[in-house]
Amino acid sequence: RMETDDATAKDFVSIEEVGRRTGLSRSATYRAVRAGQIPAVRIGRRVRVPRRAFESWFGAGGTQPRTP
């Protein structure tokens, strides 16, 4: 299990980390994920953002979710 947790920590970013890096609240980050504005996957009961997808999204100016 520890090996899986290590791989998850390296390959994925938590919702809280995304919020800290973007300045979004936790609930705003979850809304953006549900709307498909931030790429994310579910791992068990947790929602995680693939690190590479986040870095690409964030690097492309994805600091604020698009509003409809």
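**Notes on the fold**

1. T29 is buried, having a relative accessible area of 0%, where buried stands for under 20% relative accessible area, exposed for over 50% and partly exposed for what falls in between (1.4 Å probe, protein chains only). This residue belongs to helix α3, and, leaving aside neighbours within four places in sequence, T29 is in contact (heavy atoms within 4.5 Å) with I15, V18, G19, L24 and I38.

2. This is a predicted model, in which local features need pLDDT of at least 70 and side-chain atom pairs count only at pLDDT 80 or more, while totals for chains, interfaces and linings use all residues. Residues are numbered from 1 along each chain as its sequence is written, and side-chain values use heavy atoms, with hydrogens and water left out.

3. The protein has four helices and three strands, arranged along the sequence as α-β-α-α-β-β-α; helices (H or I, at least four residues) and strands (E, at least two) are DSSP runs, numbered from the N terminus. Of the 68 residues in the protein, 28% are buried, and among contacts between residues at least 6 apart in sequence, 57% join residues at least 24 apart.

4. The axes of helix α2 (residues 15-22) and helix α3 (residues 26-34) come within 9 Å and cross at roughly 105 degrees, axes being lines fitted to C-alpha atoms, for helices over the stretch in contact, with angles running from 0 to 180 degrees between N-to-C directions. The two helices, α2 and α3, are therefore roughly perpendicular to each other, a term that covers 65 to 115 degrees. On the α2 side the contact is made by I15, E16, V18 and G19, and on the α3 side by R26, T29, Y30 and V33.

5. The three strands form an open sheet in the order β1-β3-β2, with antiparallel pairing, two strands being paired if DSSP finds at least two bridges between them. Its edge strands are β1 (12-14) and β2 (41-43), each of which pairs on one side only, and the twist averages 50 degrees from one strand to the next. Strand β1 is joined to strand β3 (residues 46-50) by three bridges, the two running antiparallel, and F12 has P50 as its bridge partner in β3.

6. Helix α2 lies across β1 and β3 and runs at about 75 degrees to β1, whereas helix α4 (residues 51-59) lies across β1 and β3 and runs at about 60 degrees to β3.

Terms used: Parallel < 35°, antiparallel > 145°, perpendicular 65-115°, else oblique.
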